[in-house]
Amino acid sequence: MRATWWLRNPRYFLFMVREFSSVFVAAFLVLFLLQIRGLRAGAEVYQEYLERLHEPGWIAFHAVAFLFAMYHSLTWFDLTSKIQVVRLGRTVVNRRIVAGLNILAWLVVSGGIFLYWTRG
Amino acid sequence: MKASTSRSTIKLEVTRYRPSVDSEPHDQSYEIPCTDDMVVLDALNYIKDRVDGTLSFRWSCHMGVCGSCGVMVNGQPKLSCAIFLRDYKREPIHIEPLTNFPIIRDLVTDITDFMTKLKAVKPWIIRKKEKPLSEGEYRQSAEELERYHQFSGCINCMLCYSACPVYGLHPGFLGPAAAALAYRYNLDSRDQGNDERQPAIASQEGIWECTFVGECTVVCPKDVDPAAALQRSKVATAQSLLGSFILPRASGKSATEGSS
Amino acid sequence: MDQIQHDIILVGGGAAGLRAAIAALEETPRLSVALVSKVYPMRSHTVSAEGGSAAVVRDYDSLELHARDTVKGSDFLADQDAVEAFVAEAPGEIVQIEHWGCPWSRDPDGRVSVRAFGGMSVKRTVYASDKTGFHMLHALFQTSLKYDQLTRDDEFFVTSLLGEDGACRGVVAWDIRGGRFICLVARTVILCTGGAGRIFPFTTNGAIKTGDGMALAYRAGVPLKDMEFVQYHPTGLPGTGILITEASRGEGGYLLNAKGDRFMSEYAPNKKELAARDVISRAIVDEMQAGRTFDGPYGNYVHLDLRHLGEAAINKKLPFVRELTRNYVGLDPVVDPIPVRPVVHYMMGGVHTDMSGSTPLSGLYAAGEVACVTINGANRLGSNSLTECLVFGARAGAAAARYAAEASQPRTESLLQLAAQEERRVREKFLERKGGKERIVDLREEMHRVMESGAGIYRNETDLKETCRVLRDLREKFDHLASIDKEQVFNTELTAVLELDFMIDVAETVAQSALRRHESRGSHARTDYKERDDSRHPNHFLVTHTPEGPRFDDLPVCITRFQPEKRSY
Ligand SMILES: Cc1cc2nc3c(=O)[nH]c(=O)nc-3n(C[C@H](O)[C@H](O)[C@H](O)COP(=O)(O)OP(=O)(O)OC[C@H]3O[C@@H](n4cnc5c(N)ncnc54)[C@H](O)[C@@H]3O)c2cc1C
Ligand code: SF4
Ligand code: FES
């Protein structure tokens, strides 16, 4: 098989994008860990770290990472709905509904956390 | 009726490979008369009968159920008896043998590997104790049937293996159809062979090789959904592993389905 | 040439062959059995059977009733002892294959479901959605994988039987993939090679159904029986000949002519669309001749109307019908009537066997569509033949296993010489021939043309004589075939020639037998002998190959309980 196999078909390509999106998710997590370390090292270091994050490069990185994280999450819910069989009595619930409900639940929880965080 | 192109002839590029004369596969062009109700297989048969009798390919039923006639049409795995020329607007149409398999000749590929893997997953009903015939059939409810029915529809056409990049990169991988059939028996209320199938399914080259590209399900002409079978087998295997830590012997049929 | 030795060689991996293989190994587990098939077993044409498999599995039904329906369906040409054995063993076989995992459709109480079928007076056809043959074949094939004593020779094409001292002792096979001949010797051989629908132009039969086993046996001097009886199925898609299963009428579908009338009420007032197949196919042709059918690019047709069944029932019970109609004629049976016309479907005739599947040639057995026991007589009832493959496959397998236990070791030396002769024949005659000018496709089409015009639904002396004459000419033309592909590996032009060679033999026995049967019975309708003739018949015709041409013998039908009476539906 050629190394370019994933360019042969758009679905292979999207699969690779999804795999690739993990890189950004991971990078974001590393950054987050650094942030925690900064916090532990004292207010000054932490402030410095936060300021660095205001540089356009980092903002761009976060924007891209956010998009990839969204893509990863949405496709994750889409994929799990293919795996999970939800039965209501005798009928199997359409997987799109399952995926939709999962995404909805995810939005609600995220929204809740966001509110808690901005209020508090 | 579907959209018509009303072409009177069509150009095809077909892979040729005859081991005694060719060192490697090459393309050959043909231009043949065609009508709107011709499938790709009809075109191949036209060539074989009237243009070049040496072109070789497999087919039998001409109704999409024997699973013999899979080829790549413009890079996509298809049953040649179930795909119409009229649906391909651009010429020439490229016809190649299924990818990921060794080529025997022209469009004929070697599927021995699948036959070995199929046997390895023990695709038959395994019972701890056989019920005598005199006691009649096993009762099976419509829901119990429905659980595995989709996965029993596999015609072994190998399109999914052709579509699977994991199989292309690691030919040792059990692959979609064999995994789907293993899962089909695991889900069958008459079967008790889950544990016996597990070594082949959960081995290094079994279901865990699958990275869920999902293309097998896209190309499957019979809506078997092997990708789902693979993922659900992973969940079921993980669950029964967990289960065996917590509660030895907790693997029933509902655990097999992997969720819900 | 390599020589391989087994106890039993099975030729053919369809329902009959696989059932026979398992039966032989269950009878005598230590046997070495080889399953030789020109396609992978799961590609066998059993795979295309849709409607179901008949057996008495309900209290309201009885063996006697199943036997009576079958005998009446056969127009009193079935051998009634065979029919009785068949109906008695059918229910057990259905349970057996259920235990092997066949996904039969189920009733709410978990029992296997039954549906109505043509010529059956009650619901007794067990089914797996509308892919019954597919599911049975895969269940049998997958079950066969658990027997390690079973060797498979996939994609081996048998070109002739091997015999010594008046017994069959093996076969010569062309290994399609390896491109070489192999001499397979055995104590006994079972033929399960299926039917011969491909001798006709318009058929539901797949490319592999070329009558090989019939011709193999015929050439080995074994008589063929009832070859004149060819079943037309009333409902094939025009053009492709793809079958729309009888289950669609069993589930309540109507046949309508161009005026929108349910014309079957004229021809079969009681059973209407569920009359026997010969009756309905003739009715459609009569409607065509009366000008009450539709005109299409592939000939006249009538409508099969399923719309009133509703989408849910169609999806549940006839999903494959919907898939096929949508794919191949671009119509949806939920909203459109389906165009259909009669199509060649099944060979009632075949290799003459007794009830254990044994043929007059010692050591040779046959079962399935290739064989003629006969439970089908002049017209098979739909859904009896899958069951026949199981019942008589199992019988032949077990009988052959017992025979193998007694039979002596084959004499390998002399058999190898015979095989070498066969190899020479095929190589000289086909593979290495220098060009004549006849093309395979032209000869095949000529055969198709005359089989349809002379040996179709309605037959008469003049047309049949013409058919026989043209077939004789074809034999001669066959000797002037153009040269073919010389490649050894996967030479499908060679197999096509070998199949055509077999088909011409089979076509000839069909036409010759039809010419000699001076009556109308079941699927054999003579316009010059319109009535059934019980004074000289019921008799089977046995046709035997001789150097001077086919020889015909009468064989009386076995009648146990059901005296011939007028047949109406
Ligand atoms: C479209 C269709 C629908 C049908 N529906 C029904 C139904 O609903 N109910 C019913 O009861 N019946 C039905 N029938 C009839 C029934 O399916 C067949 O009669 C039956 O399946 C025949 O099985 P078999 O095992 O005899 O042969 P097949 O399944 O045809 O198998 C023949 C085998 O022989 C092998 N073979 C042939 N020649 C050679 C050779 N020269 N060398 C090596 N191997 C060879 C082939 O490879 C194959 O494995 C249907 C038939 C058709 C065509
Ligand atoms: S799972 Fe689908 S694509 Fe794969 S072999 Fe079976 S029918 Fe073909
Ligand atoms: S020819 Fe049988 S699936 Fe295409």
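In the predicted model, the contact between chain A and chain B draws on 15 residues from chain A and 24 residues from chain B. Together the two chains bury about 1,800 Å², of which 58% lies on carbon and sulfur atoms. On the side of chain A, A:Met1, A:Ile83 and A:Arg87 account for 32% of the area buried against chain B, more than any other three residues.

Between chain A and chain B, 2 salt bridges are found. A salt bridge joins A:Arg11 to B:Glu215, with the closest N and O atoms 2.7 Å apart. Helix H1 (10–40) and helix H3 (56–83) of chain A are the elements that give two or more residues to the side of chain A touching chain B. By class, this side of chain A comprises 8 nonpolar, 2 polar and 5 charged residues.

A nitrogen atom of ligand 1 lies 2.8 Å from a polar side-chain atom of C:Asp212. Polar backbone atoms are also involved: that of C:Val39 is 3.4 Å from an oxygen atom of ligand 1, and that of C:Ser383 is 3.5 Å from an oxygen atom of ligand 1. Taken alone, ligand 1 exposes 1,000 Å², and the protein buries 99% of that area.

Technical notes
Residues numbered from 1 in each chain as written. Chains lettered and ligands numbered in written order. Predicted model: local features only at pLDDT ≥ 70, side-chain atom pairs only at ≥ 80, totals over all residues. Heavy atoms only, no water. Contact = heavy atoms within 4.5 Å. Buried area = accessible area lost by both parts, 1.4 Å probe. Salt bridge = Lys/Arg side-chain N within 4 Å of Asp/Glu carboxyl O. Helix = DSSP H or I, 4+ residues; strand = E, 2+ residues; numbered from the N terminus. Nonpolar A, V, L, I, M, F, W, Y, C, P; charged D, E, K, R; others polar. Polar contact = N/O pair within 3.5 Å; in protein donor to acceptor, adjacent residues only side chain to side chain. Areas by Shrake-Rupley, 256 points an atom, 1.4 Å probe, with all protein chains shown as cover.
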